[in-house]
Protein chains: 2
Amino acid sequence: MKKLAIGVDIGGINTAFGMVDEQGELYAESVISTRKYPHLEDYPTYVADLAEAIRAMASSLDFEYELVGIGIGAPNSNIHNGSIETPANLWKFREEETNRDEQRRVFRLAADLSERFGGVKTLITNDANAATIGEMVYGNAKGMKDFVMITLGTGLGSGFVANGEMIYGHDGLAGEAGHLIVERGGRTCGCGRQGCLEAYVSATGIKRTAFDLMAKMTTPSPLREVPFSEFDAAMISKAAAAGDPLAKECFRFTGEMLGRALADIVTITSPEAIFLFGGLAKAGELIFEPTRYYMEQNMMFPFKNKVKVLPSGIQDKNAGILGAAALIWQQC
Amino acid sequence: MKKLAIGVDIGGINTAFGMVDEQGELYAESVISTRKYPHLEDYPTYVADLAEAIRAMASSLDFEYELVGIGIGAPNSNIHNGSIETPANLWKFREEETNRDEQRRVFRLAADLSERFGGVKTLITNDANAATIGEMVYGNAKGMKDFVMITLGTGLGSGFVANGEMIYGHDGLAGEAGHLIVERGGRTCGCGRQGCLEAYVSATGIKRTAFDLMAKMTTPSPLREVPFSEFDAAMISKAAAAGDPLAKECFRFTGEMLGRALADIVTITSPEAIFLFGGLAKAGELIFEPTRYYMEQNMMFPFKNKVKVLPSGIQDKNAGILGAAALIWQQC
């Protein structure tokens, strides 16, 4: 009988899920709104509705299968406890709530979902770690024992694999390369500190760079026609591809900041390869070329010209669902 | 029959070795000069003399034992290949050598030594990794799955353990935290780059800080009586312990640089504890207090007030020999 795992990818807006085999083939997929369940007390209904939607999707399969487990990728997840812990954008306190004990916002989703599927093995980790395991199980990191995944979205996520295993750390929260301090006293970061890598290298980061450069440079650019509030990173890619010097400088600078940080990361874990995944990575050589150049420029000599910087192999697939399901396949 | 491992600690001046049981008890120890064998062509004699000296030491034991293996800690060592690769201070080319192919300076010491002891299991790694394993097997990291070791000597070495295993990296050279760039365009480092952590945090680093502060501050200090060439880090500890403000500022600054770097390291591997080992660590609260303070000041919130900064538990023992022997015990 065919073995399938369920992968669940929880974002702030939607929760996507699907049934995946060990080769990464997706047999069914569906989605529910996450945003429809914004408050703490909506969580039980969210779990019930999610379970029901998963069952509906599963019943669409016209063959028999064995369910081997459920893997979940979600923000602020802790694999050790199977929980989502005090997430910034999920199941929040209502405005009028006075008892704001954050311990009330630790959601034991792995156990809560497993219970509804006969106690099947259910694992949860953050989305960057899930993508990392997806890369290892189905992607370009197949067979690699030591690699790093960098996910470039609104922020910068990362996952580290050493000796063939994810580094979760003592508290399950390891792999926050987006919050390496790369510029002391630099840009304010959403984490409350200053100068974090993700304030420079992410969709938001490169947008901030564009506005910084509009101030610093006098070069004309079509980017000067768009207000900050309507601006998005894709406009920079488009302008750079058309040869706009300011947009190209945005990518050069972003690659410099990323390359420097990667050179530091290599001194710690000395990976075989570093994979770039997500929106910015889709800009191709615009981002890969300066990243590689500045990584090598800043690399300590024993590590020079050894570490590959490669595109993710799950970039164009449904990486969120696949990565979450890979949590299960990795342990089978 | 008692099981013993041989631990060999190779430094630029001496090679110390001893016979160690699984509890870290040392039954015999001895030493030969490393400096007596300075050139490439001295290496075979070095191996022969080392083996003979080990045999002489072993024959001093008045009980029977089973030799389970030989562990070696040495600079520039690669555990994957069992070799010491192009070491800066060992078995160098003679002045007059014209064929300076560095591949000739890859020394397969694990195989060469094993051969002389009936093919017994022989492993080699760098001294900081050996100390890390020593901490795990006999020291304060017993039972920990995720920790970091920082060795403070002339330079700054480090070892990372995740999921209970050393992170050696793809090329066997991982764990060079001394070469994280902490000050872009900062102090020149022996590695040829600028601003490396060990240029600030090490015996050499704090000495450089003392001279920088003598230039920047006008405070009187007994340290101003000593020329650079005769100065050593112990003088700063002594002056600080006696209340000298300039010497105390040296430690505060060193702790700030180390604390910042540790906060970055925690975002990557999220360890349970960080151990400080070596000369500077012996200064006790002079270095621990500012290190902890600035680590927490710079820590991203999910990691705050969780990570212990502790003294090494093998600090006062013969850590070099014990750590090297622990390489064998860890794998038994």
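This is a predicted model: local features need pLDDT of at least 70, side-chain atom pairs count only at pLDDT 80 or more; totals for chains, interfaces and linings use all residues.
**Entry 1**

Residues are numbered from 1 along each chain as its sequence is written, and chains are lettered from A and ligands numbered from 1 in the order in which they are written.

I noted the terms before going on. Helices (H or I, at least four residues) and strands (E, at least two) are DSSP runs, numbered from the N terminus. Two strands count as paired if DSSP finds at least two bridges between them.

Strand 6 (residues 83-85) of chain A pairs with strand 7 of chain A over two bridges, in the antiparallel sense. I then traced the sheet around this pair. It is an open sheet of three strands in chain A, ordered 5-6-7, with antiparallel pairing. Strand 5 (77-78) and strand 7 (106-107) of chain A are its edge strands, and each pairs on one side only.

**Entry 2: positive phi values**

I checked A:Trp91, which sits in the loop between strand 6 and strand 7 of chain A. Its phi is near 45°, a positive value in a residue other than glycine. A:Trp91 is partly exposed, with 19 other C-beta atoms within 10 Å. My burial scale puts C-beta atoms from the backbone: 20 or more others within 10 Å of a residue's own is buried, 12 or fewer is exposed, and partly exposed is in between.

I did the check in chain B for B:Thr86. This residue is in the loop between strand 6 (83-85) and strand 7 (106-107) of chain B. Its phi is positive, about 40°, although B:Thr86 is not a glycine. B:Thr86 is partly exposed, with 16 other C-beta atoms within 10 Å.

**Entry 3: the five-stranded sheet of chain B**

I followed an open sheet of five strands in chain B, in the order 3-2-1-4-8, and the pairing is mixed. Strand 3 (26-33) and strand 8 (122-125) of chain B are at the edges with a single partner strand each, so one side of each has no neighbour in the sheet. Neighbouring strands are turned by 20° against each other on average, direction ignored.

Strand 4 (residues 65-73) of chain B pairs with strand 8 of chain B in the parallel sense, over four bridges. I picked out B:Ile72, whose bridge partner in strand 8 of chain B is B:Ile124.

Next I looked at the helices on this sheet. Contact here means C-beta atoms, placed from the backbone, within 7 Å. Axes are lines fitted to C-alpha atoms, for helices over the stretch in contact, and angles run from 0 to 180 degrees between N-to-C directions. Helix 1 (residues 43-59) of chain B packs on the sheet and touches strand 1 (2-10), strand 2 (14-20) and strand 3 of chain B. Its direction makes about 150° with that of strand 3 of chain B. Helix 8 (residues 319-330) of chain B also packs on the sheet, touching strand 1, strand 2, strand 3, strand 4 and strand 8 of chain B. The direction of helix 8 makes about 125° with that of strand 1 of chain B.

**Entry 4: domains of chain A**

I took the bounds from an automatic or database domain assignment. For chain A it gives domain 1 (2-133 + 318-330) and domain 2 (143-311). Their C-alpha centres lie 28 Å apart. The contact takes 11 residues from domain 1 of chain A and 12 residues from domain 2 of chain A. Helix 3 (residues 127-137) of chain A gives the largest share of the domain 1 side, six residues.

I also looked up A:Ile265, in helix 6 (residues 245-269) of chain A. A:Ile265 is buried, with 24 other C-beta atoms within 10 Å. Not counting residues up to four places away in sequence, A:Ile265 touches A:Val148 and A:Ala177.

**Entry 5: the two chains**

A turn of 180° and a shift of 0.0 Å along the axis give an RMSD of 0.0 Å. The copies are thus related as by a two-fold rotation axis. B:Ala162 comes closest to the axis among the residues of chain B, at 4.0 Å (C-alpha).

The contact takes 33 residues from chain B and 33 residues from chain A. On the chain B side, helix 6 of chain B supplies the largest share, four residues. I found that 100% of the interface residues of chain B are also interface residues in chain A, so the copies meet through the same surface.

Definitions and conventions:
Two residues are in contact if their C-beta atoms, placed from the backbone, lie within 7 Å. Copies are superposed by least squares on the C-alpha atoms of residues with pLDDT of at least 70 in both.
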